[in-house]
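Open the model in your viewer and keep the sequence panel beside it. The stops below go from sheets to helices to pockets.

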Amino acid sequence: MKRSYYLFSNGELKRRDNSLIIKNDKTSKYIPVEDVNQIYVFGEISFNSKLTNFLFQNNITVHFFNYYGYYSGSFYPRESLLSGDVHLKQAVSHLNFQKRLLIAKEFIDSASFNISRNLKYYNRKEVNLETQIKDIELLRNKLNKVNSIEELMGIEGNIRKIYYSTWNFFINQNINFHKREKHPPKNWINSLISFINSLIYTTTLTEIYHTHLDPTISFLHSPSERRFSLSLDISEIFKPIIGDRLIFSLLNKNMITHESFIEEFNHIILKDSSKKIILKEFDERLKKTIKHKKLNRKVSYRKLIRLECYKLEKHIIEEKKYEGFKIWW
């Protein structure tokens, strides 16, 4: 099974025959290129054009993060699954407002359903979240009546506001978390959310790359220069399932605490040792499998993201109506 690999400051990435050599600190790994799905780079590393061509040839995406742990951009190989037909129909689906709104609603409907399922799980754990769950359901009931993307985003924002307000009740640390702040994160919980959300975003981008979809043409988020906005769209569905559940596990097991962070130049950033813990757990979560109720076989969480891309592609080419992924277990 292909997996992700990680490089930290002063690391090195090299090619040797048909393998990659990844150096971190004093350790080196020789990895057959066919085992590599994507590479995450944190800080400064060195590699050359010969390696770049090798990554191109093997369709390996490299995601770059700066010193503060913020996503900077991706080395994105030339698309190997180009389809002019899908590209045109995806653009038409964006430009046709009703088609765009239909898809955008599915993203938020699925994301909010998955949020509600997270709260119902902890509500069973002797934490009373009935009021918040009902409030979210009331907001979800309004989704079909919205007539604009802005209104849809407003409902989504209110749902997340309620959702984040509950975290203090079921996380077994004094996190003192009240609202989401991004630019820059104002406290360590916001910093943790931003870091893990960026992992979801880049993983989704890698999975989109292996389909005919254009990652720059989106439906919920507005397309703009210098970002893969379709990845933002699809990530909304998987942040509650993969990202948030990972956060809850890391915090409730005290694998990550406020001591996992340092403050530098008004930025609250993860220590490298903490990033390594998160990345290991994130990779394990992507490899975790569930029995797919429609395919009747086990699929990994990573594969669920790829399948979501396929479903969207089928909708765009008018083969099958798109229904966003909703957790059933």
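Which residue stands opposite Leu 7 in S5? Select Val 41: Leu 7 stands opposite this residue. Before moving on, note that this is a predicted model, in which local features need pLDDT of at least 70, side-chain atom pairs count only at pLDDT 80 or more, and totals for chains, interfaces and linings use all residues. Residues are numbered from 1 along each chain as its sequence is written, and side-chain values use heavy atoms, with hydrogens and water left out.

**Stop 1: the sheet with S1**

Colour by secondary structure. Helices (H or I, at least four residues) and strands (E, at least two) are DSSP runs, numbered from the N terminus. Select S1 and strand S5 (residues 36–42): they run parallel, joined by 5 bridges. Two strands pair if DSSP finds at least two bridges between them.

**Stop 2**

Go to the open sheet of 4 strands with the order S4-S3-S2-S6. Its pairing is mixed too. The edges are strand S4 (27–32) and strand S6 (45–46). Zoom in on strand S3 (residues 19–24), which runs antiparallel to S4 and is joined to S4 by 6 bridges. Show Ile 21 and you find Tyr 30 of S4 opposite.

**Stop 2: a hairpin**

Select strand S9 (residues 261–264) and S10. They pair in the antiparallel sense over 4 bridges. Ile 262 has Ile 269 in S10 as its bridge partner. The two strands form a hairpin with 2 residues between them. Stop at Phe 265 in the turn, where phi is positive, about 50°.

**Stop 3: two helices**

H8 passes H10 in a right-handed crossing (the near helix is turned clockwise from the far one by less than a right angle).

**Stop 4: the largest pocket**

Select Arg 180, Lys 182, His 183, Asn 197 and Leu 232, which lie nearest the centre of the largest pocket among its 39 lining residues. A pocket is an open set of points on a 1 Å grid over the protein atoms alone, where a 1.4 Å probe fits, with protein on both sides within 12 Å along at least five of seven lines; lining residues have an atom within 4 Å of a point. Elements giving two or more residues to this lining include helix H7 (188–209), helix H8 (229–252) and strand S10 (267–270).

**Stop 5: the second largest pocket**

End at His 292, Lys 294, Lys 311, Lys 320 and Glu 323, the closest to the centre of the second largest pocket among the 20 residues that line it. Helix H3 (97–123) and helix H10 (301–316) each supply at least two lining residues. H10 gives the most, with 6 residues.
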